[in-house]
Amino acid sequence: MGSSVVNSVLTSKWTKVVVFLACLIPAGVLIWRVTQGDLTANPIEFLEHWTGDWTIRFLIITLCVTPLRKIVKMPQLIRFRRMLGLFAFFYACLHFSTWVGLDRFFNLADMWADVEKRKFITVGFAGFVLLIPLAVTSTKGWIRRLGGKKWQWLHRAIYISAILGVIHYAWLVKSDEHKPLQYAAMVGVLLLWRIGVWVRKKWQQQPVTRSVRPDEPTTAETA
Amino acid sequence: MTAKQKSDLTYSDITPKGTYTNRRNFLFGLLATGGAVSGWRHFSNWMAGPATGSVPQKLNGVVKGPFNTDEKITPENDVTTYNNFYEFGTGKGDPSQNAKNFRTSPWEVSVEGEVKKPFKLSMDDIMKIAPLEERIYRHRCVEAWSIVVPWIGYSFSHLIQKAEPTPKAKYVAFQSYYDTRQMPLGPEAGIELPYLEGLRMDEAMNPLTLLCVGMYGETLPNQDGAPVRMVIPWKYGFKSIKSLVKIRFVKSEPPTTWNIAAPNEYGFYSNVNPNVDHPRWSQAKERRLGEFFRRPTLMFNGYGEQVASLYTGMDLRKNF
């Protein structure tokens, strides 16, 4: 059957390797462009935009995992969620360090003034900082230590991070809001889907039965 | 509409192959969306033969002008590939790609409003108003990057003298060329077009204010505002309007594009001022293209000696 092929592909460790390598393509293209000197007349700005764009894209891809596995009924997709989330963090780190190391050249006073004064930087900085605890607690050990429910609540911070990321972008551009609006629409749909699921669950749940139903995942699988 | 586009078969530029392909894609796009009438117009334009997208030509007889900075000139390639020209797309690399086919010949600039007698100027007329000078100016974008460009042109005051404005003329309003057939990305720029700019009469008369027809020894590339633009070096770059088609002398402060788009962010004056921040970013420093470290931004972009007196007694925080 076709489904068993899909299943074996999804559960193969090689698929994980392929996805991992695919996630590195944007970084690879960037390195290639650095070696070719193909970074436009304003290389630092280019690096900031490139890494910023890919941070938001990976946040969106990560947020797609749960809806996708429910909609197409491929629960195995969960295997890739942590890796995708960590890649979002990886690109966020590149973005942040470009700003710190190249744009502001480690001028702490300058940077702090910006974080305080510039709304778009404040928001972007907050979105980045929020991702740090998520990256740190992304291991199995931390899921165990925190317990599924708590871990899941903590990791819902990615919703806020994604929203802040989009606002960060929208407040940066001068007039052409097409791209930030596209990202906003994607994040919006992905979050609305979750709200829809939550509302339906509340609706179906009888107020007396607060016990865990058999089909409800007990580990951190629904964030 | 001024500067109506017509196919000009005498213009001898060779159109690169990629250009044809772009035109064809664009044509098919239009037809597919059912714009039969406008599609036909594109089709006939396309059939009319060589597109007259201009390639910069060498300018002869250019003399050394005043006010030149001795700072290092920005590489020409940076100035032609990193542009803000929203009619051709909002990405920095868009104009150099999308303006390739922009037709700048024939061209006409209308001089009107509070003048003795309105008139129209061809590019030949414009070239003859005064001797062409090379002016090496600093150019500071409101986005906090800057370049040093060897512009070619002459003081705009020469044109004002020719226009003979009436005593009622207190401001000059400028308008850029705009035609969505040539600038299909214009409606998506997020700003109202055609692009409008303006200067107070004394600013326009200042000898620094340049009517510009070239740079780096040649006529202007399309993405840099061909065939004729303004250069006002002590103001943020967006004041230096590109691809000029209308100069109107008026009684009161004219509307300007970025001020309409975001009045709290872009004022009518928009003088380079390191002490007044843009609401969303600092203007204290700038990145000169090609340099790693940001450098401090100078008051009036370093042209205070020439222009500070224009603003004595004015609160530059209010009149930003």
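Select A:Phe106 to begin: this residue is exposed, with 9 other C-beta atoms within 10 Å. The model on display is a predicted one. A:Phe106 sits in the loop of chain A that runs between helix H5 (81-103) and helix H6 (108-117).

Next, move to chain B and select B:Asn301. This residue also has a positive phi, of about 55°, and is not a glycine. B:Asn301 belongs to the loop between strand S13 (295-296) and helix H9 (304-307) of chain B. Is B:Asn301 buried or exposed? Because a residue with 20 or more other C-beta atoms within 10 Å is classed as buried, B:Asn301, with 24 such neighbours, counts as buried.

Now display the whole of chain B. Nine helices and 13 strands are found in this chain. Of the 320 residues in chain B, 41% are buried. Consider next the contacts in chain B between residues at least 6 apart in sequence: 71% of them join residues at least 24 apart.

The following stop is a sheet. Select strands S3, S2, S11, S6 and S7 of chain B, which form an open sheet of five strands in that order, with mixed pairing. Strand S3 (119-122) and S7 are the edge strands, each pairing on one side only. On average, neighbouring strands of this sheet are turned by 20° against each other, direction ignored.

Within this sheet, keep S6(B) and S7(B) in view. The two strands pair in the antiparallel sense over five bridges. To see one position of the pairing, select B:Ala173, which stands opposite B:Gly198 in S7(B).

From here, follow the loop between strand S6 (171-176) and strand S7 (196-200) of chain B to B:Pro194. The peptide bond leading from B:Leu193 to B:Pro194 is cis, with omega near 5°. Then select B:Pro106, located in the loop between helix H4 (94-98) and strand S2 (108-113) of chain B. Which form does the peptide bond from B:Ser105 to B:Pro106 take? The bond is cis, and its omega is near 0°.

For the last stop, show both chains together and select the residues where they meet. Twelve residues of chain A are in contact with 17 residues of chain B. On the side of chain A that touches chain B, the residues are four nonpolar, four polar and four charged.

Technical notes
Residues are numbered from 1 along each chain as its sequence is written. Chains are lettered from A and ligands numbered from 1 in the order in which they are written. This is a predicted model: local features need pLDDT of at least 70, side-chain atom pairs count only at pLDDT 80 or more; totals for chains, interfaces and linings use all residues. Helices (H or I, at least four residues) and strands (E, at least two) are DSSP runs, numbered from the N terminus. A residue is buried if 20 or more other C-beta atoms lie within 10 Å of its own, exposed if 12 or fewer, and partly exposed in between; C-beta atoms are placed from the backbone. Two residues are in contact if their C-beta atoms, placed from the backbone, lie within 7 Å. Ala, Val, Leu, Ile, Met, Phe, Trp, Tyr, Cys and Pro count as nonpolar, Asp, Glu, Lys and Arg as charged, and the others, Gly among them, as polar. Two strands pair if DSSP finds at least two bridges between them. Axes are lines fitted to C-alpha atoms, for helices over the stretch in contact, and angles run from 0 to 180 degrees between N-to-C directions.
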